[in-house]
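Visitor: Could you walk me through the side-chain contacts here? I'd like the cut-offs spelled out as we go.

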Amino acid sequence: MKSTTQKKIARWFWAIITLPFALLLVALLLVALFAKIPSFEQIENPDSNLATLVISEDGKVINTYHIENRSYVSYDQIPRHVVDAAVATEDARFYRHSGIDFRGLGRVFFKTILLGDSSQGGGSTITQQLAKTLYPRQNVQSRIPGGRQLKMIGIKLKEWITAVKIERNYTKEEIVTMYLNQIFFGGNAYGIKAAANTFFAKDPEDLTVEEGACLVGMVNKPTRYNPALNPEQSLARRNHVLRQMEKYDYLSKHDLDSITQIPIVVTYRQQDHNSGYGSYFRDMLRRFMNAEQPRKSSYAQVEDFRADSLAWRENPLYGWLNKNLKPDGTQYDLDRDGLRIYTTLDSRMQKYAEAAVAEHLGKELQNTLNRELKYRRNFPFSDDVSKDEVDRLMRNGRRWSDRYRAMKAEGLSDAEIEKSFDEPVQMRIFSWNKQGYVDTVMTPNDSIRYYKSFLRAAFMAIEPNTGHVKAYVGGPDYRYFKYDNIGQGKRQVGSTFKPFLYTLAMQEGYTPCDKVVNTTYTIDVNGTDWAPKSEVDDRVVTLKWGLTNSRNNISAYLMKQFGPYALVDLCRKMGVSSYLDPVVSLCVGSCDLSVMEMVAAYNTFPGRGVYCYPMFVTRIEDNAGNVLASFSTRKREAISEVTAYKMINMMQGVVNDGTAGRIRWRYNIQGDIAGKTGTTNDNSDGWFIGYTPKLTAGAWVGAEDRQVHFTSTANGAGASMALPIWALFMQKVYQDKSIAIGPEDVFVPPLGWSADQLCDGSSSDTQDATSNDYFN
């Protein structure tokens, strides 16, 4: 072969070899000069949809607002073994390259591409994977053939440049920290903190070596290696990570042999919008913080408009997201900005409250109601409900459903929609079983009846003197019952309203031991006599006896003395803001009020006459820990301290000798306790609100529709429906010695209070009206 030919061949050989590298260098140069590369600020603070944390008063993250469930942790909060596992598995030469590992790329080219050995893994370094999170691929599209591939090449080049840029300006510790905070682990968990909490219910610093290896193993294929979904594959992948750690001297052979024998034990809690503690509270807080300035035209009741207008003016948390803007003038976003909301909730009390609701409804009360419902002609409605009323309730149920709204949006006619509700479909429905659901086939109409058969509940606990809300449970299960029965719902309060009337009497100079005849009292209402139904025996009784035994005729006596307008004024002072019709039947609780209003109003009694507005949040911080807002208790004097103590004395009689006596004889809860039960027409609503010197709490139970209820008062009374939730909750609180609330707490009388004014409210407080001691 001629030398000239050899030279030509050599030139062509080196041209072919060097041309791809030359083109790559030119492409990198063009991308670096003209493409939009993230700045250092964007790299440090990517648009990564940080979850806003809802933090309890005792420092626990109880819930989040998020699109991506992600929270940042510092390098010091990540165990060294998690970093070692990530390096050994994802980028063994992490500490020896400058962002791009050309040796790794060569391995991928020859072994993976040419030889088809996929076990060799990818060639992206940890830094490149971090850079990759800045360039989303799912939205890359092109109508030009091959256009998407060209765009992907451009993105890959930008990733390489960004990786080098990251390496030049950040330490390896900073890079691996950003990486572990960014990557997706599956189960809606973004970042190591969310992953540790989702799969092991731990903070990252508490992860063991095997748990950390399990999480790192998921990064490659989050669904395939999810230990909750595919435990065998997850175990194999975890052990592969451990072997990689041993291979690169991060783990000894002895430790490898022992740790690989440990099974994976997960505590899986997927952090979606239906999970976590305090879901009803989180939903209420979003509505509260996102409230807009009230417009009168949006309200059916002027009282609600006035209450919200007052909150807009005087409560800085109400509408906070609309009242406060970020430095750049945009609105804060709970789902993306990573705020830290420090709430008044106590994580322990919240846990106990949710458990109490589930225990009473799920293990006892719903089963009792179900035994009645199976004999109903119009399941689940009472037999005395007319067909027209049942049709109206079912029609409303259909129109409020997601199915109806979706089909209406698709343009289907009412007839087509109605027909679809009679066609059986596969569905998952709520159940009080261990799984919390049942997979079955039924018609949508039957599912509406099924859900209407379930009793709903609401429970709220609040602290006297501060108004701090300690527990908030708006329903039986947030996943299936989204309606918040504390803040959104209003139900007839029944006899729980009576303490307001007695408070008015005490404020006007009456005492618990003042006497009245237990007889029928009629009140003239526009020429017509009105008197409530009540048991009478014409004996002389004390006012305390009347409240202890919840006698309507004693309430009628007091209403006759003061009238409904004075009662409404007193209720306004104690924080009741809803519409109150000033009629005489108000004395027996004919009005509809919210659980929040009632519990906050009762909190005035242990608060020594001072009404505290319910308080939900103490401060808000941004994702860097800067305080954006702080909040303090808002309070006002509602009644005198002496009046408050008189009412405490009277309502202790309800617990010791009256309708709430099962707190003592069934649940064996001791110490100073006062409260009042409430039962409404047809047993549709059951209430109990009780308080100790350090905590006020209230429970309501009832079905979605008032036409679904118990037949007898034995099961449908507030003492049976609602009181057990309060008692179960308080048992757990008293047993938890880390909570400084117990039976040793006592109500302290005001200065100058005379003990001889006390009476016990029992039958010993009654006497024959002919007695010589009558009214002495």
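Guide: D84 has a relative accessible area of 9%, so D84 is buried, where buried means under 20% relative accessible area, exposed over 50%, and partly exposed in between (1.4 Å probe, protein chains only). Please keep in mind that this is a predicted model, in which local features need pLDDT of at least 70 and side-chain atom pairs count only at pLDDT 80 or more, while totals for chains, interfaces and linings use all residues. Residues are numbered from 1 along each chain as its sequence is written, and side-chain values use heavy atoms, with hydrogens and water left out.

Visitor: Which residue forms a salt bridge with D84?

Guide: R80 does, with the closest N and O atoms 3.1 Å apart; a salt bridge here is a side-chain nitrogen of Lys or Arg within 4 Å of a carboxyl oxygen of Asp or Glu. Both residues lie in helix α3 (residues 80-90), four residues apart, which is about one turn of the helix, helices (H or I, at least four residues) and strands (E, at least two) being DSSP runs numbered from the N terminus. R80 is partly exposed, with a relative accessible area of 43%.

Visitor: How many salt bridges does the count come to?

Guide: By that rule the count comes to 33 salt bridges. One of them joins the side chains of K470 and E57, at 2.0 Å from N to O, and this pair links distant parts of the chain, with K470 in strand β10 and E57 in the loop between β1 (52-55) and β2 (61-65), 413 residues apart.

Visitor: Is K470 buried or exposed?

Guide: K470 counts as buried because its relative accessibility is 4%, whereas E57, with a relative accessible area of 38%, is partly exposed.

Visitor: Switching to rings, how many aromatic pairs are there?

Guide: The structure holds 30 aromatic pairs, counted when rings of Phe, Tyr and Trp (its six-membered ring) have centres within 6.5 Å, with planes under 30 degrees apart called stacked, over 60 edge-to-face and the rest tilted. W312 and Y318 are edge-to-face because their planes stand at 90°, with the ring centres 6.5 Å apart. F430 and Y480, in contrast, form a tilted pair, 5.6 Å centre to centre with 50° between the planes.

Visitor: And which residues do ring pairs link into a cluster?

Guide: The cluster consists of F430, W432, Y450, Y451, F454, Y480 and F481. Within it, F430 counts as buried at 1% relative accessibility, while Y480 is partly exposed at 22%.
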